[in-house]
Amino acid sequence: ICFALLCHRTKLILILECQATKTCRKYVDLATNTDNANVKVLIDPKQFSRNEANGIIIIDKLQPRDFHILFVPRRSLLCEQRLKEKGVLNSFTNIDEYILDLIPYDGDLLSMESESSFRECYLENDQTSLYHAAKGLMTLQALYGTIPQIFGKGECARHVANMMLRMKREFAGSQTQILPVFDTLLLLDRNVDLLTPLATQLTYEGLIDEIFGITNGYVKLPPEKFAQKKQGEGGKELPTEPKKLQLNSAEELYAEIRDKNFNAVGAALSKKAKIISAAFEERHNAKTVGEIKQFVSQLPHMQAARSSLANHTSIAELIKDITTSEDFFDSLTVEQEFMTGVDTDKVSTYIEDCIAQKDPLIKILRLVCMQSVCNNGLKQKVLDYYKKEILQTYGYKHILTLKNLERVGLLKPQSTMRNNYPTIRKTLKLWMEDANEQNPNDISYVYSGYAPLSVRLTQVLARPGWRSIEEVLKMLPGPHFEERQQVPTGLHKKRQPGENRTILVFFLGGVTYAEIAALRFLSNMEDSGTEYIIAATKLINGTSWIKSLMDSPEENLP
Amino acid sequence: VLKESKRAVNSILVDDDDEDEEDVERVSWSGEPVGSISWSVKETASSIRSGSEQSFPKIDTTPSLSKQGSGYSLSSLFKGNLHDLSPEETVRRMQKGRAFSLEKFRSLQDKLLLLDEAVAVYDGNVITAVLIFLKKSLSKEILFRELMARDVALRHYVHYLKEMGEQKLLVELLKALGRTEDMALMHYKEHLNIKDESRRRDFLKSCLSLPFSQDDATHVQDHYTLLERQIIIEASDKKAVAEIFKKFPRKASILNMPIITTLYYSCFYHYGESEGTFSSPSNIRKTFRISEKQYILTALGARAKLKSWFDVDSLFNTKNWLGYTKKRSPIGFHRVVDILHKNSAPVQVLQEYVNLIDNPDLKLGGALKYKCHDIVINTYRDLKDRQQLIVYREKLERDSPEYRKIQELLNNVQIRWKN
């Protein structure tokens, strides 16, 4: 999290634990380019070449001010240590922390937005973010009551559960007297399902994220399609600033279409267009003053709806340009072949061609990792071939990234263990041949055929329960477990007939919008009996995910 | 009763405040008359360091009741002395962001107890703080030895050293752990921070002796060799003496480019140079063990861009064992055609390569796409497909040679058409 404190030309610039290196650089430039003699650079700005910037502190000795540090989400002793070593720790009046563990992104979605969580947990074996996750869950329980049942799959899940139970023990005296809202907590390690984030998402929101990137609930779009067409103005200059749009369920239309398969969005937009047109046409029927008044009072709502429709029509057009391209089709075909186990044991000519054409490296990495995951590791010859091609085409420095991918199990040589993926696929019905994109009856619609493994596991847990898939669970990494927490008597939830169970699913290592859509689908299914709330360490897509595993991504930009 | 005891305790402790314990401000005591005494130590820090309860709205999940257990002693509490707290107590205080003192943990055993307690609560901040203390107060060898038996603490320590940029120590630690490959890669990674190419080259050279895996060792060697040569080529080409540089000015420097890009550059600007020079494609091909496929693909791209169709032709000429020249390609000829087309090759050139496509469907497809009429006609003739010939004829200009050719074929009574 980047915390920058100040404006130009004042003397103290403080940036801590910057993850947006570009922003840091901007401030560094500002600071170092000032010719104020009182400005002293204490930390070498060259350190910003690293992904995680350190800090830069410039203190004006002549005009002392009050400076405070706010650590978000938590105090970092490492940071304080660094400040201490630079001799500036005591220059701060107050050091505080603003505890921001789980941020609500929508009515049913919470995220820690911890970008490095997957890398830290699965590559560097640093499970600090899991501690924060546990803390976040404790906060949640303080607000919404003790969660009576905890299920989990994976090493990290086990850690978080252990921490939660330990923290609960330590607070033994103070029991919350709140009626529990959640019936169950499901903790899932990302590495239980490495396949899903690699696949290209096919829901509307998923594609927006894949193509344009959704950050903090906002997306930046190329402005051309959003230029206002004013009547009578010809040759108006196109805006150059990207169009920024907020995306969440407060927007009625967006809430309707976000989780649909993209191929069903066109029909939904048409339908909406008709409704809005009809609503505007109502003005002809308004005869009496009362009727006219009523119509006018509806206008703002209708105008908002119309503008929302216009925006999403433009976005859908932008997306369509990409999804109807030959390259997208070819890429998707290869993905689906891998997922169904076709030719995962040889070098893919498509991937070869993409490397030869110098397609973006991350695209290549997603595909080779997918092949590796679906094959439980690549044949040595195949792996060596891909590695050589990648290193020769994109640079030798990528041996670092390739090593990281191997460590987390995404791109590795075949081991002697047999490939369990086909069994898992069959038992859990991960590939549904006739996935209905328009009127889905199964979660596999989010990838037009592939049901996300993580969501399938969640689905089976709710009904009929994990006992029915013991064998398959054993094939997936990490322990699976169940824990129960004591709820004070009298607070046990008496569920009314027809009332839903509420399950909180926590993805440790990241969750994709497609998985969120799939879970929402389950919530909305008739007689599912369950409602899902989703939490994660980070909202991810394949690209941001792989990027977090690369060393020095700025250098890696193709 | 509670209030009175509280006042009593406070008055006792106020005395202790006069000792030079600058970290302790005030101590309040609240108790619960439930069998054993449980109490809490609540401390309000006034300014400089801690203070996490007041400013911002949040749910306080840290309770005022702390753990009941054997770690606490009433006497130590009344002393109000930070130096007498057990490992558990100290760790609790650290967790809550309150003042603490680690100096009392003098013996190795005490220090290890402290570390183990920190690990048990799993709070990264606390573990790091303890490690910082141990780093200062233990010899390197002892610390390493103890960490090796404590996986979690070790990981945190590695992370800490990385964050603080303590390369030297980190490398030593990894070496001691036998994680020599990690150590080598970590060292190698530093090259990304060196902007100056000569210094980077020298740095890479210094990496060559590191204990990489066999594969990685080769790659690092290649990386060094490549950069070394790129520097030489760059120095010479920057002067842009030769004609070609004037005709096609360079858009970027060759430094730090991947090997395939370098090969392309070489095929573009230095084609045909003798194998003896660093800049020649044949030298690059040999030194970096570039596959035939990659070489031909790259050379094709470069020569096609320059529209040197003769060079393109030579790429595919091989002599078979009888001494006859034959056209061969490790990449399908349909791809060759695509690349030539992208570079605006004339139809005659395209036609030649479409003709070489093995697969009949691809061949026909290519011929149709690139309007190689003769090939289309011949193919339909060979397939005895009269209908298709008629259809295709309509696409052609009347009286063109191709049009007439189709006419002739259609009028040929000797051909037994299938439709």
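Colleague: How far is the sulfur of A:Cys369 from the closest cysteine sulfur?

Modeller: This is a predicted model: local features need pLDDT of at least 70, side-chain atom pairs count only at pLDDT 80 or more, totals for chains, interfaces and linings use all residues, and side-chain values use heavy atoms, leaving out hydrogens and water. A disulfide is a pair of cysteine sulfur atoms within 2.5 Å. The closest sulfur to that of A:Cys369 is in A:Cys374, too far for a bond. The distance is 11 Å.

Colleague: Is A:Cys369 buried or exposed?

Modeller: Buried means under 20% relative accessible area, exposed over 50%, partly exposed in between (1.4 Å probe, protein chains only). The relative accessibility of A:Cys369 is 0%. So A:Cys369 is buried.

Colleague: How many disulfides are there over all chains?

Modeller: Residues are numbered from 1 along each chain as its sequence is written, and chains are lettered from A and ligands numbered from 1 in the order written. Take A:Cys121, which is buried at 5% relative accessible area. Its sulfur lies 4.5 Å from that of A:Cys156, too far for a bond. Over all chains, the number of disulfides is zero.

Colleague: Why is helix H14 of chain A largely enclosed, and how many of its nine residues are buried?

Modeller: H14(A) covers residues 399-407. Buried members include A:Ile399, A:Leu402 and A:Leu405. Their cover comes from both chains, including H12 of chain A and helix H11 (214-237) of chain B. The helix is largely enclosed because the number of buried residues is seven.

Colleague: Which residue follows H14(A) with a positive phi?

Modeller: The phi is near 90 degrees. The residue is a glycine, A:Gly409.

Colleague: What share of the 419 residues in chain B is buried?

Modeller: Chain B has 22 helices and four strands. Contact means heavy atoms within 4.5 Å. Among chain B contacts between residues at least 6 apart in sequence, 49% join residues at least 24 apart. The buried share of chain B is 45%.

Key:
Helices (H or I, at least four residues) and strands (E, at least two) are DSSP runs, numbered from the N terminus.
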